[in-house]
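This briefing is intended for a reader who is meeting the structure for the first time. Please view the sequence and the model together before turning to the points that follow.

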Amino acid sequence: MTTRTWITATPPTPNGDLHVGHLAGPYTAADVLRRFLTADGADVRLTTGLDDHQGYVAVRGIKDGGRKPEEVADHYGASVTRTWKAAAVEFDHIVRPRRDAGYQQFVQSFFSGLYEAGYIVPRTRPLPYCASCERWLYEGYLVGGCPLCGASSNGNACEPCGRPNECGDLTDPRCVPCGAPAELRDATRLYFPLAPFAERLAAFWAEVDMPPHLRALCERMLADGLPEIAVSHPADWGVPVPVDGYEDQRIFVWCEMAPGYLWEQDPRGGTLPETGPVQFFGFDNGYFHAVLFPALFLAHDEATPLPRAFVVNEFYQLDGLKFSTSRRHAVWAHEALAACGADVLRHHVLADRPNGRETSFNLEALERTRHHLATLWDGWLGRLLTAVERDCGGRVPEEAPAGRAWELLRGRLHRIADELREAYGVTGFDPRRAVALLDEAVACAADFGHVHAHERARPDGAAAHRRALAAQLAVAAALSAWAAPALPVGSARLAALLGVPANGRVDASALAPLPAGRAVTAPIGAVFGG
């Protein structure tokens, strides 16, 4: 029996359209891994959801003139799913919290089980309140200074340092909808103490594959003493708390997301895979995925498989500031896709992926990527397939690739294929490296083509010219397989032009001469370049 590989990408908040930073983060990268493993013959499932119940959704409705949170979530949720499709990001299952029958009951059952077992307990602590709005403040309703790093932070978690807060411990708290200073009032909420799970979390962190930045965050939290996390808030948006006396509160959305991940894999809450998921998310969500969720799963059922790997991206900046949907500091992904196409944007955000450090986006750089694909990739393919049409009647030459130059090129490409497999795979996953290797393969083939184009001018060079074309056709066929995880749209176009299967395996066996006499087609328009 084949073990299923489960990949998750953190659910986006539908308080705005997806921006380019989202695609540079979890979503394109997770799709690359899914496509590679699927083509490799693995049983793969990629899941996500829509994070409808974030307070940021309700705040967006207020800022938009009083729209209901349901309207905001539905409007932007539809936009998010359209953008994923346009970017060729394909999920096997997308959780829709307010539409999936049984979802709310499943989340409430998960929460009730933890409460009844004594893992969730009441605490009375200060919570910011806006007298003007007559509203308790948390998450996106609240802004102030992080009590740990001093940066500007919303309630419950600080994006810059990645650490949780209690809302009531922010300095100079203010109401986001009206801007008024908040006052502190005592509120009784339900809390989930993390300290009882310290040893088991430390053992889990020792096993899971995660980057040093996230590991350092976990170790700092452990050294400082794991906190108690508020898992309910007095509010009217979200899943109602299923505990007597707390009917006016809602489950903290990040506590909701833990059973939501289980729902992604099995909507009935039954069978889970033998191994935990490979989880894609941004560093600002790192504490939730690496600390809170594993502790919740351990409390729920110690048999729940914990994640096998965390694939974490840092912030993607725009003009020196973090992309932000709530602050509307963004280049919207659907606009970029309409301008340049899926492959150009995917190549750009993978090559510029904020892996281990922050990177920065601008439209001029995106245009350079489009030009790069149009000139290097499409330029080589256009010259090759036009020459085959002109000199071989649009068919693969009878002459097979041969000669020292071909052997040298083939050896280089075999090494590239081996490195590609590593860069695409779970253990060595590095899409920046994968895109660089694809560019190297195309550059090698283009150089080979330029050098051997002169064979055609030699009086006795016709056969050598055709062998060089056959060699380049073999490379093009391999490229249609090797590039498929990263650039699926152009790879499928190229495969159709060459008459080879789309989305083939990424290994050296793809570099094989095409059958002599097979018809191939010169491209009309771009293949990869938009």
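Nine of the ten residues of helix H10 (residues 342-351) are buried, so this helix is largely enclosed by the rest of the structure. The model is a predicted one.

**Helix H10**

- The buried residues of H10 are Ala-342, Asp-343, Val-344, Leu-345, Arg-346, His-347, His-348, Val-349 and Leu-350.
- Residues count as buried when their relative accessible area is under 20%.

**The parallel sheet**

- An open sheet is formed by five strands in the order S3-S2-S1-S13-S14, with parallel pairing.
- Strand S3 (93-95) and strand S14 (309-313) are the edge strands, and each of them pairs on one side only.
- On average, and with direction ignored, neighbouring strands of this sheet are turned by 20° against each other.
- Strands of a sheet pair through backbone hydrogen bonds, in either a parallel or an antiparallel manner.

**Strand S13 and its partners**

- Strand S1 (residues 5-9) pairs with strand S13 (residues 278-282) in the parallel sense, over three bridges.
- Within this pairing, Thr-8 stands opposite Gln-279 in S13, and Ala-9 has Phe-280 in S13 as its bridge partner.
- S13 and S14 also run parallel and are joined by five bridges; here Val-278 has Ala-309 in S14 as its bridge partner.
- Five of the five residues of S13 are buried, so the strand is largely enclosed by the rest of the structure.
- In a regular strand the side chains alternate between the two faces of the sheet.
- Both faces of S13 are covered: Val-278, Phe-280 and Gly-282 are buried on one side, and Gln-279 and Phe-281 are buried on the other.

**Nonpolar cores**

- The largest nonpolar core has 97 residues, of which Trp-380, Trp-482 and Leu-498 touch the most other members.
- Helix H14 (residues 462-482) gives the most to this core, contributing twelve residues.
- Trp-380, when its neighbours within four places in sequence are left aside, is in contact with Thr-375, Val-442, Ala-445, Ala-446, Gln-472, Val-475, Ala-476 and Leu-479.
- Another core lies apart from the largest one and has 55 residues, among them Phe-204, Val-208, Met-210 and Leu-306.

**Aromatic residues**

- A pair of aromatic rings is described by the distance between the centres and the angle between the planes.
- The count comes to 19 aromatic pairs when ring centres are required to lie within 6.5 Å.
- The ring centres of Tyr-129 and Trp-136 are 5.0 Å apart and the planes stand at 75°, so this pair is edge-to-face.
- Tyr-129 is itself buried, with a relative accessible area of 12%.
- The rings of Tyr-138 and Tyr-141 have centres 5.4 Å apart and planes at 50°, so this pair is tilted.
- Tyr-138 is buried, with a relative accessible area of 4%, and Tyr-141 is likewise buried, with a relative accessible area of 6%.
- One aromatic cluster is formed by Phe-252, Trp-254, Tyr-261, Tyr-287, Phe-288 and Phe-293.
- Arg-125 lies over the face of Tyr-191, at 4.6 Å from the ring centre.

Methods: Residues numbered from 1 in each chain as written. Predicted model: local features only at pLDDT ≥ 70, side-chain atom pairs only at ≥ 80, totals over all residues. Heavy atoms only, no water. Phe/Tyr/Trp six-rings, centres within 6.5 Å; stacked < 30°, edge-to-face > 60°. Buried < 20%, exposed > 50% of the residue type's maximum accessible area, 1.4 Å probe, protein only. Lys NZ or Arg CZ within 6 Å of the ring centre and 35° of its normal. Pairing = 2+ DSSP bridges. Helix = DSSP H or I, 4+ residues; strand = E, 2+ residues; numbered from the N terminus. Axes fitted to C-alpha atoms, helices over the stretch in contact; angles between N-to-C directions. Core = buried A, V, L, I, M, F, W, Y, C linked by side-chain atoms within 4.5 Å. Contact = heavy atoms within 4.5 Å.
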